Amino acid sequence: MAERARRKVGVLISGRGSNMAALVEAARAADCPFEIAIVASDKPDAAGLAWASEQGIATFAQSPKGMPKAEYEARIDAALRSAGVELIALAGYMRLLSPAFVDRWGGRIVNIHPSLLPKYKGLDTHARAIAAGDAVAGCSVHLVTAELDAGTVLGQAEVTIEPGDTAEALAARVLVEEHRLYPRILAEFVRTMTDDPLARVRSLALGLPETSESNEDGQPSFTVADTPFARMTGDSALKVRSDDGWQTLSLAGDIDWTLVGDAIARGWELTAPPALLEAGGR
């Protein structure tokens, strides 16, 4: 039996990227289902870029200074796609992604956050946990959505808050757990999406604005404004609305999920009502 191809992950960082390094180390294991295809940053002098380059990993840097956000993100997007990235992992990336970027990669961006979500979204999580008198703190791996730190939680690790703890001491202990949790949960997520194509299609489709799932002849169908733009078939295939009608994509064997994701997004664009597109679309 041919060895299953490992899924290509692009990692976004803004600094040292210690969680990025943990993912790189995990990817060296023979049974790891993912590989790090590229490390990209909004800071050309980010220490993590130099480390990744020393490991033989492709890197990309683009400062957003003086550049419209859409143009900056387009350049990051082009670099990720050129590297064949199928999934994005945020690892200390400090810029908020635009809703358009998140929707473009719907269901394919994960992040690690230093709190037990839904508690303490945003910054200063350790100080806030201590101030609240919590017994435990921790970290969460979650899907990224347009709303800050609000996506589905994929996994968590708890860390006891000790008497007299400072935010710095707690952060150091939580970081140790982050390095353990992120590679494990990312691997589980990749395996789930690989082994269950419908789950991945569902994640891609339902990540688009105002999309819902219905049932058409016993098969899942995805609609916007009550009009289908993608539907599963009974022969391990997906039909997606295209510029030339409907195209059929195979969901058997080694699937090109970047191609599938782009096709689903295009089908949505061709189906969504003008008012939704004018409001910003995907």
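Reader: Hi! Is Asp-217 buried or exposed?
Author: Asp-217 counts as exposed, because its relative accessibility is 77%. Exposed means over 50% relative accessible area, buried under 20%, and partly exposed in between, with a 1.4 Å probe and protein chains only.

Reader: Thanks! What kind of model is this, and how are residues numbered?
Author: It is a predicted model, where local features need pLDDT of at least 70, side-chain atom pairs count only at pLDDT 80 or more, and totals for chains, interfaces and linings use all residues. Residues are numbered from 1 along each chain as its sequence is written, and side-chain values use heavy atoms, leaving out hydrogens and water.

Reader: New topic: which residues have the most contacts inside the largest nonpolar core?
Author: Those are Val-11, Phe-34, Ile-36 and Val-39, in a core of 39 residues. A nonpolar core is a set of buried Ala, Val, Leu, Ile, Met, Phe, Trp, Tyr and Cys residues joined through side-chain atoms within 4.5 Å.

Reader: Which helix gives the most to this core?
Author: Helix 6 does, with ten residues. Helices here are DSSP runs of H or I with at least four residues, numbered from the N terminus.

Reader: And what does Val-11 touch?
Author: Leaving aside residues up to four places away in sequence, its partners include Met-20, Leu-23, Ile-36 and Ala-91. Contact means heavy atoms within 4.5 Å.

Methods:
Helices (H or I, at least four residues) and strands (E, at least two) are DSSP runs, numbered from the N terminus.
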